[in-house]
Structures are given as structure tokens and as C-alpha cells.
Amino acid sequence: MLDKKRLKNLGINIKSERLRKNISQEKLAELTNISRNSVSLIETGKINPTVLKVLDIANVLGTDINSLTKEI
């Protein structure tokens with residue numbers, strides 16, 4: 001149960017930052033070399049991305065990985 005909550009919080013953080021930067025899921029997917037569906041699943045906490053993928057997402061969003069992993 002705790003893992004699901006943590007993944008959900010990670011997804012919320014990623015989605016919030018993506019929307020702040022006005023980047024679509026499609027664009028984020030393209031820039032991180034993952035599918036748009038995977039971006040959606042990450043943002044809804046349904047899959048557990050690798051730490052390297054979270055780093056890629058942070059780099060594309062121009063943010064620190066710590067801001068994406070807060071409260072997880």
C-alpha cells in the first residue's frame with residue numbers, strides 16, 4: 001500500500017512540473033524516448049519507472065530530481 005502511495009505522489013509531482021512547463025505528454029514522451037502511454041502510467045502511479053528514467057524526465061523538465069521525488 002505504501003508503494004502505491006509513493007508512486008502516486010511521484011506521478012503527481014511529474015505531472016505538476018510538466019504542466020507548469022507547458023509540455024504535453026506526447027512531447028515529454030518524445031524527449032525521454034518512452035511512449036506517451038508510459039508517461040500517462042507514470043503520472044497516474046500505475047508503473048514504477050527506473051531511477052534513470054526519472055532522471056531523464058527531470059532533465060527534460062529542467063528541474064532537480066529531488067523536486068520530483070519529494071514526499072515519496
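Guide: Glu-17, Arg-20 and Lys-21 are linked in a network of salt bridges, a salt bridge being a side-chain nitrogen of Lys or Arg within 4 Å of a carboxyl oxygen of Asp or Glu. This is a predicted model, in which local features need pLDDT of at least 70 and side-chain atom pairs count only at pLDDT 80 or more, while totals for chains, interfaces and linings use all residues. Residues are numbered from 1 along each chain as its sequence is written, and side-chain values use heavy atoms, leaving out hydrogens and water.

Visitor: How many salt bridges does a search of the whole structure find?
Guide: The search finds six.

Visitor: How far apart are N and O in the salt bridge of Glu-17 and Arg-20?
Guide: The N to O distance is 3.0 Å. Glu-17 and Arg-20 are three residues apart in helix α1, so about one helical turn separates them; helices are DSSP runs (H or I, at least four residues), numbered from the N terminus.

Visitor: Is Glu-17 buried or exposed?
Guide: Glu-17 is buried, at 9% relative accessible area, whereas Arg-20 is exposed at 59%. Buried means under 20%, exposed over 50%, and partly exposed in between (1.4 Å probe, protein chains only).

Visitor: And what does Asp-56 pair with?
Guide: Asp-56 forms a salt bridge with Lys-53, with the closest N and O atoms 3.4 Å apart. Both residues lie in helix α4. Asp-56 is partly exposed at 33%, and Lys-53 is buried at 18%.

Methods
Helices (H or I, at least four residues) and strands (E, at least two) are DSSP runs, numbered from the N terminus.
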